[in-house]
Amino acid sequence: SMLPGCVGSLAGVEQVSDNDIEAATQFRAISRNGVGTDNLPLQIIQQRGIKVCSADGANAYGAAALAIGLVFASLRHIHTANTGIKAGQWPRNQGTEIRGQTVGIIGCGAIGREVARLACALDCHVIGFDPMQPDLGLPAERFKWASIDELLEQATLISLHCPPPRDGSPLIGAAQLARMGDGTILINTARASLVDEVAVIAALDAGRLTAYATDVFKEEPPKSLTLASHPKVIATSHIGGFTTQSVNRATEIAVANLLTALRGEG
């Protein structure tokens, strides 16, 4: 009922429908308080000439810190110990140290480069894949660029920080999982559609993957718990950019972007 007179909107992670845009006849701009536009109906937005802005980089540190947190949880079986103790057990799974691990980072934009920086600081070897190969300012003895296939074959930990392929196919499917060494850990704080969930479950069951730690699901919250309830899956509830600092930064940037767009300066 509020939409017809609305000229601009701040958009979070909630889904915006074609009907919302149709109802908002005066709309001129939508400003995301984050990155990514997969929750927006882009076709009708483009047809109407509505500007879309995003708060690039605002949540980079929060999302990167969560990815590193999931790395530690995976390496030290924090989730298993926590669940077991609460059930009256005393599970003691031997863990692995992060130092000396080979961390593969697919996508080295704002979030990926922050993960790379943190991994280098933790004494890891870091391999990056990014078509743009931006200068990350990391020491050559710690960081190198590689092809996707080289990264899949060499990394012991792989973290995804890229948009999904344009054709809608998963970036990590059965063929890519087959290239990984046994015991690889896969971290996904980016997009659920980057992985073939059936292939990931098969790889977990076969021991190809030690853990799949994910902050993103095809449905949120997931109706099917086949993946989420798997004992080797660590699940968080799309909280990558959900820190006090990230939300404040993203909101400030989103409001500034919206005002700029409405003034016609953007």
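**Cavity, pockets and salt bridges of the predicted model**

About 50 Å³ of space lies in the largest cavity, where a cavity is, on a 1 Å grid over the protein atoms alone, a set of points where a 1.4 Å probe fits but cannot get out. The volume is the space filled by probe spheres set on the points, with grid points joined across faces, edges and corners. The structure is a predicted model, in which local features need pLDDT of at least 70 and side-chain atom pairs count only at pLDDT 80 or more, while totals for chains, interfaces and linings use all residues. Residues are numbered from 1 along each chain as its sequence is written, and side-chain values use heavy atoms, with hydrogens and water left out.

A search of the whole structure finds one cavity of 30 Å³ or more. Its lining, meaning the residues that have an atom within 4 Å of a point, consists of Ala67, Ile68, Val71, Ile98, Val103, Val115, Ala119, Cys124 and Leu157. By class, the lining of the largest cavity holds nine nonpolar residues, no polar and no charged ones, where Ala, Val, Leu, Ile, Met, Phe, Trp, Tyr, Cys and Pro count as nonpolar, Asp, Glu, Lys and Arg as charged, and the others, Gly among them, as polar. Helices H3 and H5 each supply at least two residues of this lining, and H3 gives the most, with three residues. Helices (H or I, at least four residues) and strands (E, at least two) are DSSP runs, numbered from the N terminus.

Helix H3 covers residues 60-76. H3 is mostly covered, since twelve of its 17 residues are buried, that is, under 20% relative accessible area, whereas exposed means over 50% and partly exposed lies in between (1.4 Å probe, protein chains only). The buried residues of H3 include Ala67, Ile68 and Val71, and these three also belong to the lining of the largest cavity. After H3 comes His77, whose phi is positive, near 55°.

Thr189 is buried, with a relative accessible area of 12%. When its neighbours within four places in sequence are left aside, Thr189 is in contact (heavy atoms within 4.5 Å) with Ala63, Leu66, Ala67, Leu70, Leu160, His161, Asp215 and Val216.

The open spaces were examined as pockets, a pocket being an open set of points with protein on both sides within 12 Å along at least five of seven lines. The largest pocket has a volume of about 1,300 Å³ and is lined by 44 residues, of which Arg32, Val35, Gly36, Ala190 and Arg191 lie nearest its centre. H3, H5 and helix H9 (244-262) each supply at least two residues of its lining, which divides into 17 nonpolar, 19 polar and eight charged residues. The second largest pocket has a volume of about 240 Å³, and among the residues that line this pocket are Ile106, Phe129, Asp130, Met132, His161 and Cys162. Its lining divides into eight nonpolar, three polar and one charged residue.

Side chains of opposite charge can pair when their charged atoms come close. The structure holds six salt bridges, each being a side-chain nitrogen of Lys or Arg within 4 Å of a carboxyl oxygen of Asp or Glu. One of them joins Glu114 and Arg117, with the closest N and O atoms 2.6 Å apart. Because Glu114 and Arg117 are three residues apart in helix H5 (residues 110-121), about one helical turn separates them. Glu114 is buried at 15% relative accessibility, whereas Arg117 is partly exposed at 41%.

In another salt bridge, the side chains of Arg179 and Glu153 meet at 2.2 Å, N to O. Arg179 lies in helix H7 (residues 174-179) and Glu153 in helix H6 (residues 148-154), so the pair ties together parts that are 26 residues apart in sequence. Both are partly exposed, Arg179 at 37% relative accessibility and Glu153 at 45%. Lys223 and Glu219 also form a salt bridge, the closest N and O atoms being 3.2 Å apart; here Lys223 is exposed at 71% and Glu219 partly exposed at 37%. Finally, salt bridges that share partners join Asp149, Glu153 and Arg179 into one network.
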